[in-house]
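I set out to record what I looked up on the pockets and nonpolar cores of this structure. The entries follow in the order in which I made them.

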Amino acid sequence: MKIPKEEFTARQQSLRRIMAERGLDAVCIAGSAQLDTRGVLRYFTDYYLPVFEEYLLVTRERSFFFVHDGCGADYAKRFCAVDEIKIIPEADYNFDPAKPVADVLKELGCKNIGTCWGRQVSAGFCNSFAKHTKGISSADISMPVHRLRAVKSPAEIALMREAVKFNEKILDFYLSQTAAGKTEIDAVNKASLYALEQGAEDLYWMTASGKTPSLAYLAASRQQKHTWQQGDYHYVVLEHSVPGGCYSEITQLISLGKPKKEYEEAYKAVTEAQKAAASAAKTGQPVSKLAEASHKVLCELGYCAKESPVPCIGHSQGLDAWEFPRIAADETMTVQPGMRFNIHPAVILPDGAKITSCQSWLATENGCEQLSTLSDKIIVL
(Lines give C-alpha, C1' and ligand atoms only; values in the text may rest on other atoms or scores of the structure.)
Protein backbone atom coordinates (compact mmCIF):
# COMPACT_ATOMS: atom_id res chain seq x y z
CA MET A 1 0.00 0.00 0.00
CA LYS A 2 1.00 3.64 -0.26
CA ILE A 3 0.38 6.62 1.97
CA PRO A 4 -2.20 8.92 0.29
CA LYS A 5 -0.87 12.22 -1.03
CA GLU A 6 -3.25 14.12 1.24
CA GLU A 7 -1.38 12.79 4.26
CA PHE A 8 1.88 14.37 3.09
CA THR A 9 0.10 17.69 2.69
CA ALA A 10 -1.27 17.30 6.22
CA ARG A 11 2.24 16.59 7.54
CA GLN A 12 3.50 19.81 6.00
CA GLN A 13 0.66 21.60 7.76
CA SER A 14 1.74 20.01 11.04
CA LEU A 15 5.23 21.32 10.37
CA ARG A 16 3.77 24.78 9.78
CA ARG A 17 2.09 24.60 13.19
CA ILE A 18 5.50 23.91 14.72
CA MET A 19 6.81 26.92 12.79
CA ALA A 20 3.98 29.13 14.08
CA GLU A 21 4.61 28.07 17.68
CA ARG A 22 8.23 29.13 17.33
CA GLY A 23 7.73 32.23 15.22
CA LEU A 24 9.54 30.75 12.19
CA ASP A 25 9.14 31.94 8.62
CA ALA A 26 10.50 28.76 7.07
CA VAL A 27 12.08 25.38 7.83
CA CYS A 28 14.95 23.82 5.88
CA ILE A 29 15.07 20.02 5.96
CA ALA A 30 17.94 18.04 4.49
CA GLY A 31 18.49 14.35 3.91
CA SER A 32 21.24 12.11 2.60
CA ALA A 33 20.86 8.75 0.87
CA GLN A 34 21.40 6.48 3.84
CA LEU A 35 18.81 4.05 5.13
CA ASP A 36 18.70 5.78 8.52
CA THR A 37 18.80 9.45 7.43
CA ARG A 38 16.72 9.97 4.29
CA GLY A 39 13.25 9.20 5.63
CA VAL A 40 12.57 12.76 6.77
CA LEU A 41 12.32 13.95 3.15
CA ARG A 42 9.96 11.11 2.30
CA TYR A 43 7.89 11.76 5.41
CA PHE A 44 6.98 15.26 4.24
CA THR A 45 6.94 14.78 0.46
CA ASP A 46 7.00 11.04 -0.48
CA TYR A 47 10.30 11.68 -2.28
CA TYR A 48 12.49 8.57 -2.50
CA LEU A 49 16.08 9.78 -2.18
CA PRO A 50 18.25 7.28 -4.10
CA VAL A 51 21.65 8.99 -3.94
CA PHE A 52 23.28 12.37 -3.23
CA GLU A 53 21.97 14.90 -0.72
CA GLU A 54 18.83 16.97 -1.31
CA TYR A 55 16.81 19.60 0.53
CA LEU A 56 13.27 20.70 1.31
CA LEU A 57 12.27 24.26 2.23
CA VAL A 58 8.82 24.71 3.76
CA THR A 59 7.53 28.25 4.18
CA ARG A 60 4.20 29.35 5.62
CA GLU A 61 2.57 29.16 2.18
CA ARG A 62 4.67 26.93 -0.10
CA SER A 63 7.15 24.08 -0.25
CA PHE A 64 10.30 24.12 -2.39
CA PHE A 65 12.30 21.01 -3.23
CA PHE A 66 15.97 21.30 -4.24
CA VAL A 67 17.23 18.33 -6.23
CA HIS A 68 20.55 17.33 -7.72
CA ASP A 69 19.50 16.78 -11.33
CA GLY A 70 16.70 16.45 -13.85
CA CYS A 71 15.95 12.85 -12.91
CA GLY A 72 15.17 13.90 -9.36
CA ALA A 73 13.15 16.85 -10.61
CA ASP A 74 11.06 14.63 -12.90
CA TYR A 75 10.42 12.12 -10.11
CA ALA A 76 9.43 14.83 -7.64
CA LYS A 77 7.11 16.45 -10.18
CA ARG A 78 5.33 13.18 -10.98
CA PHE A 79 5.02 11.58 -7.57
CA CYS A 80 5.69 13.99 -4.71
CA ALA A 81 3.80 16.52 -2.58
CA VAL A 82 5.80 19.67 -3.33
CA ASP A 83 4.78 23.03 -4.80
CA GLU A 84 7.96 24.02 -6.59
CA ILE A 85 11.04 22.07 -7.69
CA LYS A 86 14.45 23.61 -8.25
CA ILE A 87 17.51 21.91 -9.74
CA ILE A 88 20.71 22.93 -7.95
CA PRO A 89 23.32 24.07 -10.50
CA GLU A 90 26.18 21.58 -10.69
CA ALA A 91 28.81 24.08 -9.57
CA ASP A 92 26.71 25.06 -6.57
CA TYR A 93 25.97 21.45 -5.64
CA ASN A 94 29.65 20.57 -5.56
CA PHE A 95 31.03 23.69 -3.89
CA ASP A 96 28.20 25.85 -2.48
CA PRO A 97 25.10 23.65 -2.14
CA ALA A 98 23.05 25.84 0.22
CA LYS A 99 23.22 28.94 -2.00
CA PRO A 100 19.99 28.19 -3.94
CA VAL A 101 18.17 27.52 -0.66
CA ALA A 102 19.46 30.75 0.87
CA ASP A 103 18.52 32.68 -2.27
CA VAL A 104 14.87 31.67 -1.81
CA LEU A 105 14.97 32.56 1.89
CA LYS A 106 16.29 36.03 1.06
CA GLU A 107 13.86 36.50 -1.81
CA LEU A 108 10.96 35.74 0.54
CA GLY A 109 12.36 38.02 3.26
CA CYS A 110 12.63 35.26 5.88
CA LYS A 111 14.06 36.49 9.17
CA ASN A 112 13.66 33.43 11.42
CA ILE A 113 14.17 29.89 10.15
CA GLY A 114 14.22 26.39 11.54
CA THR A 115 16.64 23.67 10.49
CA CYS A 116 16.28 19.91 10.59
CA TRP A 117 19.15 17.81 9.36
CA GLY A 118 21.12 16.42 12.30
CA ARG A 119 24.23 14.31 11.73
CA GLN A 120 23.42 13.13 8.22
CA VAL A 121 24.16 16.27 6.20
CA SER A 122 27.58 17.21 4.82
CA ALA A 123 29.83 19.85 6.30
CA GLY A 124 29.82 21.38 2.82
CA PHE A 125 26.11 22.12 3.06
CA CYS A 126 26.29 23.29 6.68
CA ASN A 127 29.17 25.66 5.97
CA SER A 128 27.48 26.97 2.82
CA PHE A 129 24.22 27.49 4.70
CA ALA A 130 25.96 29.41 7.50
CA LYS A 131 27.79 31.59 4.94
CA HIS A 132 24.64 32.58 3.05
CA THR A 133 22.25 33.05 5.98
CA LYS A 134 24.19 35.58 8.01
CA GLY A 135 21.72 37.98 9.56
CA ILE A 136 18.94 35.36 9.56
CA SER A 137 18.13 33.83 12.93
CA SER A 138 18.05 30.01 12.92
CA ALA A 139 16.99 27.32 15.38
CA ASP A 140 17.36 23.55 15.28
CA ILE A 141 13.90 21.95 15.35
CA SER A 142 15.04 18.37 14.79
CA MET A 143 13.53 17.08 18.04
CA PRO A 144 10.02 18.48 17.42
CA VAL A 145 10.16 16.83 13.99
CA HIS A 146 11.32 13.54 15.55
CA ARG A 147 8.38 13.72 17.96
CA LEU A 148 5.99 14.36 15.07
CA ARG A 149 7.33 11.36 13.16
CA ALA A 150 7.38 9.09 16.21
CA VAL A 151 3.58 8.76 16.38
CA LYS A 152 2.46 6.79 13.33
CA SER A 153 -0.79 7.49 11.50
CA PRO A 154 -3.31 4.71 10.74
CA ALA A 155 -1.94 4.50 7.19
CA GLU A 156 1.62 4.23 8.51
CA ILE A 157 0.58 1.53 10.97
CA ALA A 158 -1.02 -0.48 8.15
CA LEU A 159 2.20 -0.15 6.13
CA MET A 160 4.22 -1.12 9.22
CA ARG A 161 2.20 -4.32 9.63
CA GLU A 162 2.82 -5.10 5.97
CA ALA A 163 6.57 -4.61 6.46
CA VAL A 164 6.66 -6.94 9.48
CA LYS A 165 4.88 -9.70 7.55
CA PHE A 166 7.11 -9.13 4.54
CA ASN A 167 10.36 -9.51 6.49
CA GLU A 168 9.07 -12.65 8.21
CA LYS A 169 8.23 -14.07 4.78
CA ILE A 170 11.78 -13.37 3.59
CA LEU A 171 13.17 -15.00 6.75
CA ASP A 172 11.15 -18.15 6.00
CA PHE A 173 12.66 -18.30 2.52
CA TYR A 174 16.15 -17.64 3.94
CA LEU A 175 15.75 -20.52 6.38
CA SER A 176 14.93 -22.82 3.45
CA GLN A 177 18.40 -22.00 2.10
CA THR A 178 20.17 -22.56 5.44
CA ALA A 179 21.72 -25.98 6.06
CA ALA A 180 25.05 -27.69 6.66
CA GLY A 181 27.05 -27.76 3.44
CA LYS A 182 25.47 -24.58 2.06
CA THR A 183 27.23 -21.22 1.91
CA GLU A 184 26.06 -18.29 4.02
CA ILE A 185 26.53 -15.63 1.37
CA ASP A 186 24.76 -17.76 -1.24
CA ALA A 187 21.73 -17.93 1.06
CA VAL A 188 21.79 -14.13 1.40
CA ASN A 189 22.05 -13.67 -2.37
CA LYS A 190 19.17 -16.04 -3.10
CA ALA A 191 16.99 -14.50 -0.40
CA SER A 192 17.85 -11.01 -1.67
CA LEU A 193 16.69 -11.92 -5.16
CA TYR A 194 13.53 -13.43 -3.69
CA ALA A 195 12.89 -10.28 -1.62
CA LEU A 196 13.26 -8.05 -4.67
CA GLU A 197 10.95 -10.31 -6.69
CA GLN A 198 8.40 -9.98 -3.86
CA GLY A 199 8.58 -6.18 -4.07
CA ALA A 200 11.21 -5.03 -1.58
CA GLU A 201 12.39 -1.44 -2.03
CA ASP A 202 15.65 -1.63 -0.08
CA LEU A 203 17.55 -4.47 1.58
CA TYR A 204 19.75 -4.56 4.65
CA TRP A 205 21.36 -7.74 5.98
CA MET A 206 23.73 -8.70 8.76
CA THR A 207 24.95 -12.30 8.95
CA ALA A 208 27.55 -14.17 11.00
CA SER A 209 28.34 -17.82 11.63
CA GLY A 210 30.69 -19.80 13.84
CA LYS A 211 30.98 -21.96 16.93
CA THR A 212 30.05 -19.01 19.18
CA PRO A 213 27.10 -16.66 18.47
CA SER A 214 28.20 -13.19 17.34
CA LEU A 215 27.00 -10.42 15.03
CA ALA A 216 28.85 -9.06 12.00
CA TYR A 217 28.25 -6.86 8.98
CA LEU A 218 27.48 -8.43 5.61
CA ALA A 219 30.83 -7.24 4.24
CA ALA A 220 32.56 -9.77 6.51
CA SER A 221 30.33 -12.55 5.19
CA ARG A 222 31.25 -11.67 1.63
CA GLN A 223 34.94 -11.92 2.52
CA GLN A 224 34.69 -15.15 4.51
CA LYS A 225 32.28 -17.11 2.28
CA HIS A 226 31.48 -19.35 5.24
CA THR A 227 30.12 -22.83 4.52
CA TRP A 228 27.81 -23.98 7.28
CA GLN A 229 28.74 -27.01 9.34
CA GLN A 230 26.77 -28.98 11.89
CA GLY A 231 27.30 -27.32 15.25
CA ASP A 232 27.45 -23.78 13.83
CA TYR A 233 25.51 -20.88 15.31
CA HIS A 234 24.22 -18.32 12.85
CA TYR A 235 22.79 -14.85 13.30
CA VAL A 236 20.73 -13.18 10.62
CA VAL A 237 19.44 -9.61 10.73
CA LEU A 238 16.90 -8.47 8.13
CA GLU A 239 15.78 -4.87 7.76
CA HIS A 240 14.05 -4.65 4.41
CA SER A 241 11.57 -2.00 3.29
CA VAL A 242 8.33 -2.54 1.40
CA PRO A 243 6.76 -0.32 -1.31
CA GLY A 244 5.89 2.92 0.45
CA GLY A 245 9.24 2.89 2.25
CA CYS A 246 8.50 1.31 5.65
CA TYR A 247 11.19 -0.89 7.21
CA SER A 248 10.90 -3.74 9.65
CA GLU A 249 13.59 -5.56 11.64
CA ILE A 250 14.32 -9.16 12.58
CA THR A 251 17.30 -10.43 14.55
CA GLN A 252 17.23 -14.22 14.84
CA LEU A 253 19.71 -16.74 16.25
CA ILE A 254 19.84 -20.08 14.43
CA SER A 255 21.56 -23.28 15.60
CA LEU A 256 22.60 -26.03 13.21
CA GLY A 257 22.06 -28.80 15.71
CA LYS A 258 21.05 -28.73 19.35
CA PRO A 259 22.17 -25.46 21.00
CA LYS A 260 24.03 -25.29 24.30
CA LYS A 261 21.78 -25.12 27.33
CA GLU A 262 23.34 -21.84 28.49
CA TYR A 263 22.52 -20.25 25.11
CA GLU A 264 18.91 -21.42 25.31
CA GLU A 265 18.60 -20.03 28.84
CA ALA A 266 20.13 -16.70 27.82
CA TYR A 267 17.80 -16.46 24.81
CA LYS A 268 14.84 -17.09 27.09
CA ALA A 269 16.09 -14.33 29.41
CA VAL A 270 16.36 -11.91 26.48
CA THR A 271 12.78 -12.64 25.39
CA GLU A 272 11.57 -12.16 28.97
CA ALA A 273 13.37 -8.81 29.01
CA GLN A 274 11.67 -7.87 25.72
CA LYS A 275 8.25 -8.65 27.13
CA ALA A 276 8.99 -6.70 30.32
CA ALA A 277 9.98 -3.69 28.24
CA ALA A 278 6.80 -3.95 26.17
CA SER A 279 4.69 -4.23 29.31
CA ALA A 280 6.22 -0.96 30.55
CA ALA A 281 5.08 0.90 27.40
CA LYS A 282 2.09 2.64 28.92
CA THR A 283 0.71 5.90 27.55
CA GLY A 284 2.34 8.92 29.18
CA GLN A 285 5.20 6.95 30.74
CA PRO A 286 8.77 7.86 29.77
CA VAL A 287 10.19 5.63 27.04
CA SER A 288 13.17 5.20 29.36
CA LYS A 289 10.96 2.95 31.52
CA LEU A 290 11.13 0.29 28.82
CA ALA A 291 14.92 0.15 29.04
CA GLU A 292 14.78 0.08 32.83
CA ALA A 293 12.23 -2.77 32.86
CA SER A 294 14.37 -4.86 30.52
CA HIS A 295 17.51 -4.19 32.56
CA LYS A 296 15.75 -5.16 35.78
CA VAL A 297 14.80 -8.57 34.37
CA LEU A 298 18.31 -9.30 33.14
CA CYS A 299 19.77 -8.22 36.48
CA GLU A 300 17.36 -10.46 38.39
CA LEU A 301 18.30 -13.39 36.16
CA GLY A 302 21.99 -12.79 36.80
CA TYR A 303 23.06 -11.54 33.38
CA CYS A 304 24.19 -8.09 34.52
CA ALA A 305 24.93 -6.24 37.75
CA LYS A 306 22.27 -3.97 39.23
CA GLU A 307 24.75 -1.10 39.42
CA SER A 308 25.69 -1.43 35.74
CA PRO A 309 24.46 1.30 33.36
CA VAL A 310 21.08 0.75 31.71
CA PRO A 311 21.89 0.12 28.03
CA CYS A 312 20.00 1.23 24.95
CA ILE A 313 17.85 -1.75 23.93
CA GLY A 314 16.17 -0.51 20.76
CA HIS A 315 14.51 2.27 18.82
CA SER A 316 11.60 3.15 16.61
CA GLN A 317 11.43 2.47 12.88
CA GLY A 318 9.45 3.57 9.86
CA LEU A 319 10.71 5.38 6.75
CA ASP A 320 14.17 5.18 8.29
CA ALA A 321 15.64 1.91 9.52
CA TRP A 322 16.48 3.74 12.77
CA GLU A 323 14.23 6.43 14.24
CA PHE A 324 13.51 8.17 17.52
CA PRO A 325 12.64 7.46 20.23
CA ARG A 326 15.65 5.50 21.45
CA ILE A 327 14.78 2.91 24.08
CA ALA A 328 17.39 4.15 26.51
CA ALA A 329 17.70 5.53 30.03
CA ASP A 330 18.29 9.08 28.76
CA GLU A 331 15.35 9.18 26.30
CA THR A 332 13.04 12.12 27.07
CA MET A 333 10.03 11.19 24.93
CA THR A 334 6.94 9.69 26.54
CA VAL A 335 5.02 6.71 25.22
CA GLN A 336 2.12 7.65 22.92
CA PRO A 337 -0.32 5.40 21.06
CA GLY A 338 1.01 4.84 17.57
CA MET A 339 4.68 4.60 18.53
CA ARG A 340 6.68 1.71 17.09
CA PHE A 341 9.28 -0.06 19.23
CA ASN A 342 11.93 -2.50 17.99
CA ILE A 343 13.09 -4.09 21.23
CA HIS A 344 16.42 -5.94 21.19
CA PRO A 345 18.17 -6.35 24.55
CA ALA A 346 21.35 -8.41 24.58
CA VAL A 347 23.58 -10.30 26.99
CA ILE A 348 27.22 -11.31 26.73
CA LEU A 349 28.15 -14.71 28.17
CA PRO A 350 31.52 -15.69 29.72
CA ASP A 351 32.62 -17.42 26.48
CA GLY A 352 32.02 -14.20 24.53
CA ALA A 353 28.71 -15.31 23.01
CA LYS A 354 26.30 -12.46 22.32
CA ILE A 355 22.68 -13.48 22.76
CA THR A 356 20.05 -11.13 21.39
CA SER A 357 16.78 -11.00 19.50
CA CYS A 358 14.62 -8.28 17.95
CA GLN A 359 10.84 -8.16 18.10
CA SER A 360 8.59 -5.30 16.93
CA TRP A 361 5.80 -3.78 19.01
CA LEU A 362 3.15 -1.07 18.62
CA ALA A 363 2.05 1.16 21.49
CA THR A 364 -1.75 1.41 21.77
CA GLU A 365 -4.22 2.94 24.21
CA ASN A 366 -4.38 -0.43 25.97
CA GLY A 367 -0.68 -1.27 26.14
CA CYS A 368 1.77 -2.72 23.64
CA GLU A 369 0.71 -4.98 20.76
CA GLN A 370 3.32 -7.41 19.51
CA LEU A 371 3.66 -7.11 15.74
CA SER A 372 6.24 -9.87 15.29
CA THR A 373 5.05 -13.47 15.12
CA LEU A 374 8.51 -15.01 15.42
CA SER A 375 9.42 -17.82 17.78
CA ASP A 376 10.82 -16.72 21.13
CA LYS A 377 13.34 -19.58 20.97
CA ILE A 378 16.55 -20.22 19.08
CA ILE A 379 15.63 -21.73 15.70
CA VAL A 380 17.13 -25.21 15.41
CA LEU A 381 17.84 -26.65 11.96
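Which residues lie nearest the centre of the second largest pocket? I found Asp 36, Gln 120, His 146, Trp 322 and Phe 324 there, among the 16 residues of its lining.

**Basis.** I note that this is a predicted model, in which local features need pLDDT of at least 70 and side-chain atom pairs count only at pLDDT 80 or more, while totals for chains, interfaces and linings use all residues. Residues are numbered from 1 along each chain as its sequence is written, and side-chain values use heavy atoms, with hydrogens and water left out.

**Second largest pocket.** I took a pocket as an open set of points on a 1 Å grid over the protein atoms alone, where a 1.4 Å probe fits, with protein on both sides within 12 Å along at least five of seven lines; lining residues have an atom within 4 Å of a point. The space in this pocket is about 310 Å³. Helix H7 (142-150) and strand E11 (323-326) each supply at least two lining residues (helices are DSSP runs of H or I, at least four residues, and strands runs of E, at least two, numbered from the N terminus). H7 gives the most, with 4 residues. I listed the lining by class as 6 nonpolar, 5 polar and 5 charged residues.

**Largest pocket.** I recorded a volume of about 620 Å³. Of its 30 lining residues, Leu 215, Glu 249, His 315, His 344 and Lys 354 are the closest to the centre. H12 gives the most to this lining, with 3 residues. The classes here are 18 nonpolar, 8 polar and 4 charged residues.

**Largest nonpolar core.** I used the term for a set of buried Ala, Val, Leu, Ile, Met, Phe, Trp, Tyr and Cys residues joined through side-chain atoms within 4.5 Å. The largest such core has 35 residues, of which Ile 170, Leu 171, Tyr 174, Trp 205, Val 236 and Leu 238 touch the most other members. Helix H8 (154-176) brings the largest share of this core, 11 residues.

**Val 236 and Thr 251.** Beyond four places in sequence, I found Val 236 in contact (heavy atoms within 4.5 Å) with residues including Leu 171, Tyr 174, Trp 205 and Thr 251. Thr 251 lies in strand E9. Why does Thr 251 count as buried? Its relative accessibility is 6%, and buried means under 20% relative accessible area with a 1.4 Å probe, protein chains only.

Note on methods. Buried means under 20% relative accessible area, exposed over 50%, partly exposed in between (1.4 Å probe, protein chains only). Grid points are joined across faces, edges and corners, and a volume is the space filled by probe spheres set on the points. Ala, Val, Leu, Ile, Met, Phe, Trp, Tyr, Cys and Pro count as nonpolar, Asp, Glu, Lys and Arg as charged, and the others, Gly among them, as polar.
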